[in-house]
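This briefing covers ligand surroundings, helix packing and model confidence. Keep the sequence and structure open while reading.

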Amino acid sequence: MSDKLRYDGKVAVVSGAGNGLGKTYALLLASRGAKVVVNDLGGSTHGEGADTKAADAVVEEIKKAGGEATANYDSVEHGDKIIKTALDAYGRVDIVINNAGILRDVAFHKMTQKDWDLIYTVHMVGTYSLCKAAWETMRKQKYGRIINVASAAGLYGNFGQANYSAMKLGILGLTKTLAREGASKNIKVNCIAPLAGSRMTATVMPEEMLEALRPEFVAPVVAYLAHEQCEDSGQILELGAGWIAALRWQRAKGGFLPFGDSSPEAVAGVWDAVMNFDDEPEYPETTQDSFPPVMGNLERYKEAA
Ligand code: NAD
């Protein structure tokens, strides 16, 4: 058993920490010494309304247990205000958990501009905005841990969630690039795709499953990613109910068009190879990894010319 992971002296900002998963992240980090900014707008699952009660209740719970916490009620697209709360109260920001979220589930043909815009604003702009507002401080500190929140819906697609899945996969792209840009300043940026019972999943899960899939299974993974001991960055983890696994890209070895034939029929001729993941698949991790087959084939064309 390793030493207990602590967060003494560290300041964590948890967005959407008034309910569900975010609340468990805030409570766990605070119980292990972190000073926590509990952000929550306090609206509905569909992104309507606002209330200070959700954030206040979690701050109170943390304080009662002997921890330190400050509430912030801004919507996540105002990341600068949320980070200011942390800087004003505690003078630094070490951990940002971009957890706030809403749903506007509806089949794409019925989706309104509002359904799209609200999901874009809360998930995509919200995650960007908090990262952006904390970034300079983390660079100066030469320390930062950011945990972003994707979803299986984004990784795989899900009926009725075109808006949500687009943003959730966008958040993974942001994560992977920030991991690269933060590397030299010891800023680690990772992403999770959790499964847990919450008011958000209450509409799609039976009661028994809601209770069994406790958010407390997810919180320790987020806490581990938020700790200085965690050296990984740019990762996406799927998790729930005590199961945790990293996910990566797999690319088929692919097919090459015959020299001199760029017709759609030639594409049809190599399609089996294009779609074949069984024969020597590759696992590219960088844009550099992604180029060699293209460049290699270009060379073959040059030589053949
Ligand atoms: P939840 O509804 O219980 O909690 C979300 C919290 O975010 C709420 O307290 C809400 O008030 C807050 N919030 C919403 N919009 C906000 C805004 N604009 N600014 C600040 N706070 C805001 O939901 P949850 O299940 O705990 O979800 C947490 C995160 O995990 C979300 O990003 C969600 O998309 C993601 N997620 C959850 C699951 C799951 O199984 N529960 C699965 C995949 C992804």
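Helix 1 makes the biggest contribution to the shell around the ligand, giving three residues. Helices here are DSSP runs of H or I with at least four residues, numbered from the N terminus. This is a predicted model: local features need pLDDT of at least 70, side-chain atom pairs count only at pLDDT 80 or more, and totals for chains, interfaces and linings use all residues. Residues are numbered from 1 along each chain as its sequence is written.

**Ligand shell**

- The ligand is surrounded by 32 residues, and the closest are G16, N19, G20, G101 and S198. A residue counts as near if its C-beta atom, placed from the backbone, lies within 6 Å of the molecule.
- Helix 1 and helix 4 (113-141) each supply at least two residues of this shell.
- By class, the shell has 12 nonpolar, 18 polar and two charged residues. Nonpolar covers Ala, Val, Leu, Ile, Met, Phe, Trp, Tyr, Cys and Pro; charged covers Asp, Glu, Lys and Arg; the others, Gly among them, are polar.

**Helix 1 with helix 2**

- The axes of helix 1 (residues 20-31) and helix 2 (residues 53-64) come within 10 Å, crossing at roughly 25°. Axes are lines fitted to C-alpha atoms, for helices over the stretch in contact, and angles run from 0 to 180 degrees between N-to-C directions.
- That angle makes helix 1 roughly parallel to helix 2. Angles under 35 degrees count as roughly parallel, over 145 as roughly antiparallel, 65 to 115 as roughly perpendicular, and the rest as oblique.
- Helix 1 and helix 2 cross in a right-handed sense. A crossing is right-handed if the near helix is turned clockwise from the far one by less than a right angle, and left-handed if anticlockwise.
- K23, A26, L27 and A30 of helix 1 meet V58, E61 and I62 of helix 2. Contact requires C-beta atoms, placed from the backbone, to lie within 7 Å.
- This contact of helix 1 with helix 2 has five nonpolar, no polar and two charged residues.

**Helix 4 with helix 6**

- The axes of helix 4 and helix 6 (residues 162-182) come within 9 Å and cross at roughly 15°.
- Helix 4 and helix 6 are therefore roughly parallel, and their crossing is right-handed.
- The contact of helix 4 with helix 6 has 11 nonpolar, four polar and two charged residues.

**Helix 3 with helix 4**

- The axes of helix 3 (residues 79-90) and helix 4 come within 7 Å, crossing at roughly 40°.
- That makes helix 3 oblique to helix 4.
- Helix 3 passes helix 4 in a right-handed crossing.
- G79, D80, I82, I83 and L87 of helix 3 contact S129, L130, K132, A133, A134 and T137 of helix 4.
- Six nonpolar, three polar and two charged residues form this contact of helix 3 with helix 4.

**Confidence**

- The protein has a mean pLDDT of 96, with 99% of its residues at 70 or more. pLDDT is the predictor's confidence in each residue, from 0 to 100.
- For the complex, the predictor gives an ipTM of 0.99 and a pTM of 0.97.

Terms used
Two residues are in contact if their C-beta atoms, placed from the backbone, lie within 7 Å.
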